[in-house]
Structures are given as structure tokens and as C-alpha cells.
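Please keep the view open and look for each element as it comes up.

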Amino acid sequence: ISGGESTEVLDENESDTPLGYSEMFIDINSKSNNGRLASLHCSLGKIYYMANMFEESSQSYDSALEYKPNDLDALTYRAGSNIILGKYEDAAVDYLRVLELDANTLRIFCMDAYTGLAKILAAKEDAVDKGWDVLVESLDSQIPHFYQLMDGNSSAKNPHGQSYADQLKKMHLAMFAYHDFKTKDTDKAFDHLSKAYKLKMLALPPYNSAIEKQRVDTVKQIFHTGFWSMGAGSTSKTPIFIIGFVRSGSTLLERILDAHPQIVGTGEDSVMNGRLDYIRNEIVDASRSGDPRELSDTIDVLADFVTDTTIDRWKKTSKTNKGQRTPKRFVDKMLTNYMNIGFIHLLFPNALILHVAREPMDTIFSAYKHDFPPGGLDYTSDFQSLAHMYDHYRTIMDHWDNVLPGRVTHVRYNDLVRDMPTVAKSIIKATGLEWHDEILNFHKRKQAVNTLSTTQVRKGIYTDSIQAWMKYEEHLQPLVKMVGKNVEY
């Protein structure tokens, strides 16, 4: 650019490639300078996004779109960042542009636009021009078309490798949101939800309950009552661990804690969980030496590593830390750490562990109706596997209460939303810090939250989610029977 070389991209209107896809499928070295710059800014935006730096992410996509105004990659991902930032109108404009460009061409990005628009409409319907109509009209025509493309073969893919079944799943989920939030027609809503997950489960191998049960049994066998008798571990109270089953209300609890001036929420960027293999291997190696002092020293070093890494990440990614004292507490909200309490207590015997527990069927149905990113939570989309997963969670939590009585502080979600001031003050007291009244206004803070609760947490305290599963009670009876005695907690 400084050398005066042209940065102009080829005229998209003269290309055989659909508008919005220009230069997308060619190597970066073969792209025009505009194409290269747009691609690089998009890549930077995704890095910022993964680092929970959503304003910077959105700005990177702004830059990409300056070079390629119709770039579908940038439009789609900028919208995703803006939803997290609460900029629903801006996100809606981008998603509608994506539909305009993509709904009748390659249809690679329009699926994310459907699910994104459904999320916006559920949170703030007037943020989208023409409301739900624009989404439903498009889906009414697209769903039958995609079934024709799939033609009974769930593994059929479009020319760019995307499964038609996966795309149909996203469309059905958007229609579930429409009927769940707008029409209140639970029969139609559940029909779309069921069809979405039937398509999803066709692509997954069968759930192996035996392997998951073995994991739980192994943890119970290793971490018995006398396991922690050596008295090792850091005296630090810096980390606060939030654990629980998915969709249990943990984001609300973290936001309340984060509103304290000396506490920072780090979301699901868990050093403890992310480096667990390393931590476990170091402890095993030190144990083999037979020297209690070496084991104790190793545990102290590992605890310092977890704390120092957490603080270092905060310093690198937080925009508010310049000139600010390092907070006294950092919240680790990796819920599946309920499997790792044995290691957490070994390293941090004085750290606060908060277990947020929600009414079982509310938790389970919320987990069922949310389509998690691909990974360990895939099987929440099936009644039987979901019931097994919940049973394993309850089993291991009972185990910790038996072998470490009083170690885990249980927080009931229903109590939190019904009497937030009282419960919040008790929680802050448990952290060892002083109470601050501004905590009660946690929802007014301009903080980006990248979880499935992104839109809900901005509402503050509300009780709509209590007994929310009951409107689908008839449809969920098979699941209730599978959950069995665990329907009570």
C-alpha cells in the first residue's frame, strides 16, 4: 500500500462467484490486496473473539468490511460479536444482509444468520426490521428445499462440505425459537426441536454410558476420604470456582461476583481445567518419588502456576486493568470442574468452590433445548444420554459431599433469583471480601458475556425461568421417567 500498489479487488458483479464469496475459496497469496487485507482482519477478529475481546473483534470486522463491503465471513462474525456486546440492531442489520446475499446462493453463512436472528428476536423483537416475519418467511421456503436436497440421505453435503442435515437442524432450531417465544404454540415448537435433534443425532456415534460411568467410578475410587491427609496445598484464596450442570444459572452468579470491585470473572477460560492433564501428570510423577516434601512442593508450584497464569491472561486481555490493582479474586466458571474437585481441593484447600444448583427439570430441559458447540455436550440433545449425564453429575456431587463434607458451598438458583440481595451478601461474605452496594446493579454494567446466557444476563434478575419446563410437561414425560429420582434435588 505504501508503495502505491493498487488495492482494488476485482469487481464482484463481473465474477462467476456469488456476491459475498469473492476470493473466499482461493489461497491468500492469490488474492488481491483488498482480499488479503479483509482476510487478515477477519482472522484477527476471530482471535480477539476467542480471547473474549469482543469490541476489538467487532472493530476488526469493521476494517475487513472497509476493504470488502459484502464479505459474508466478516458480516456474519461481526454480527456474532455485536450480539455479545448487546448491539442487537447492528447485529440484525448484518444478519439480514447475509440472508440477502446468501439465502439463494451457496447458503453457507445464512444458517448462522437464521440462528442469530432468532436469538436477537427472542431478546428484543423490535431490533429486527419486520420482526419475526422476515425470518419465518425465509425458513418456510428453505426447509422444504433442503429436505429435497438431502433426499433421505442425512450424510449428503453441499459442494463446500456442509451437511444438509446440520443446516436443516439450525433452521428447525430457529423455528423452535419462533414458536417458543412468539406464537407460544408448544406443539409446533417441540416438533421443530425434535426434528432438529433427530437430524443431529444421526451424525453422532451412540452415547457410551459405560465409559462415562467408569470415569465417575474412577474419580470416586481415587479421591476417597483419606486422600488429602497430607495437608498440602496453597493457602491462596485467589481463585473462586463455580461448578454445576450446564444451564444451571452459573452466568448470573459469575456476573454478581464480577460486579465486586476486587473480583474478576474470567468466564470459561479455565486454567485449571485446560491444564488438568499437565497438573495430574506432575502430581503423579511427584507421588512416585515417595518423598512427601517433593509432593508438597510440586502442589505449591502447580497452584502458583494456575494463579499466575490466570492473572497473566487477565492482564493481557482486559482493557480495564491499566493502572488498576490486581483483583484479589478471579472466578473460574468451567462448570464441568465438578469432576475435578479432588484436584482443586488438593491445590487450593482454602479456595471458595460454589456449586450452583437449579431445579432439576428446569436445568435438564434448558440443556436439552440449547444446541451447544460440537464437543462433550453433544449428547444433551438426546433424552436417554442427557438423563445419564445428569445422573453422573449428581452421583459425583454426592461423592464430594460425603468425602469432603462442607467443602463445597451450594447455591440454589431459585433462592438467588427470589432473594438476590440476601444470597449475594452471603456469597460475598464467603469470599472474605467486604460487601459493596453496587453489586446489586450488576446487570447495568457494560460487560460482554459470551455464553448461551448472553442475552438473558442483561435482563438482571427475573423469575421467568423457574418451572419453565412445565409448559412442555406433556412432551417431556419420557425424559422425566428417565431422570427418575433425580427430579428432586
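1. A contact, in the sense used in these notes, means heavy atoms within 4.5 Å. The model under discussion is a predicted one, and in it the buried residues of helix 4 pack against helix 3 (72-84) and helix 5 (110-123). Those buried residues are Y88, A91, A92, D94, Y95, V98, L99, L101 and D102. Helix 4 itself covers residues 88-102, which is 15 residues, and it reaches 21 Å from its first C-alpha to its last, close to the 21 Å expected at 1.5 Å a residue.

2. For the chain as a whole, the secondary structure comes to 19 helices and five strands. The protein chain has 489 residues, and buried residues make up 51% of them.

3. The five strands form an open sheet, in the order 2-3-1-4-5, and the pairing is parallel. Strand 2 (263-265) and strand 5 (409-412) are the edge strands, each of them pairing on one side only. On average, and with direction ignored, neighbouring strands of this sheet are turned by 25 degrees against each other.

4. The pairing around strand 1 (residues 239-243) can be followed through F241. Strand 1 pairs with strand 3 (residues 329-332) in the parallel sense over three bridges, and in strand 3 the bridge partner of F241 is D332. Strand 1 is also joined to strand 4 by four bridges, again with the two running parallel, and in strand 4 the bridge partner of F241 is I353.

5. Is strand 4 enclosed or open to the outside? Six of the six residues of strand 4 are buried, so this strand is largely enclosed by the rest of the structure; buried here means under 20% relative accessible area. In a regular strand the side chains alternate between the two faces of the sheet. In strand 4, L352, L354 and V356 point one way while I353, H355 and A357 point the other way, and all are buried. Four bridges join strand 4 to strand 5, the two running parallel, and V356 has V411 as its bridge partner in strand 5.

6. Helix 18 (residues 420-431) lies across strand 1, strand 2, strand 3, strand 4 (352-357) and strand 5, and it runs at about 155 degrees to strand 4.

7. Most residues other than glycine have a negative phi. R107, however, has a phi near 55 degrees, a positive value in a residue other than glycine, and K184 has a positive phi of about 65 degrees although it is not a glycine. R107 is found in the loop between helix 4 and helix 5, whereas K184 is found in the loop between helix 7 (164-183) and helix 8 (186-202). R107 is buried, with a relative accessible area of 15%, while K184, at 55% relative accessibility, counts as exposed.

8. A last point concerns cysteines. A disulfide is a covalent bond between the sulfur atoms of two cysteines. How many disulfides does the structure hold? The structure holds zero disulfides. As for individual cysteines, C42 is buried, with a relative accessible area of 3%, and C110 counts as buried at 0% relative accessibility.

Methods
Residues numbered from 1 in each chain as written. Predicted model: local features only at pLDDT ≥ 70, side-chain atom pairs only at ≥ 80, totals over all residues. Heavy atoms only, no water. Expected span 1.5 Å × (residues − 1). Buried < 20%, exposed > 50% of the residue type's maximum accessible area, 1.4 Å probe, protein only. Disulfide = S-S within 2.5 Å. Pairing = 2+ DSSP bridges. Axes fitted to C-alpha atoms, helices over the stretch in contact; angles between N-to-C directions.
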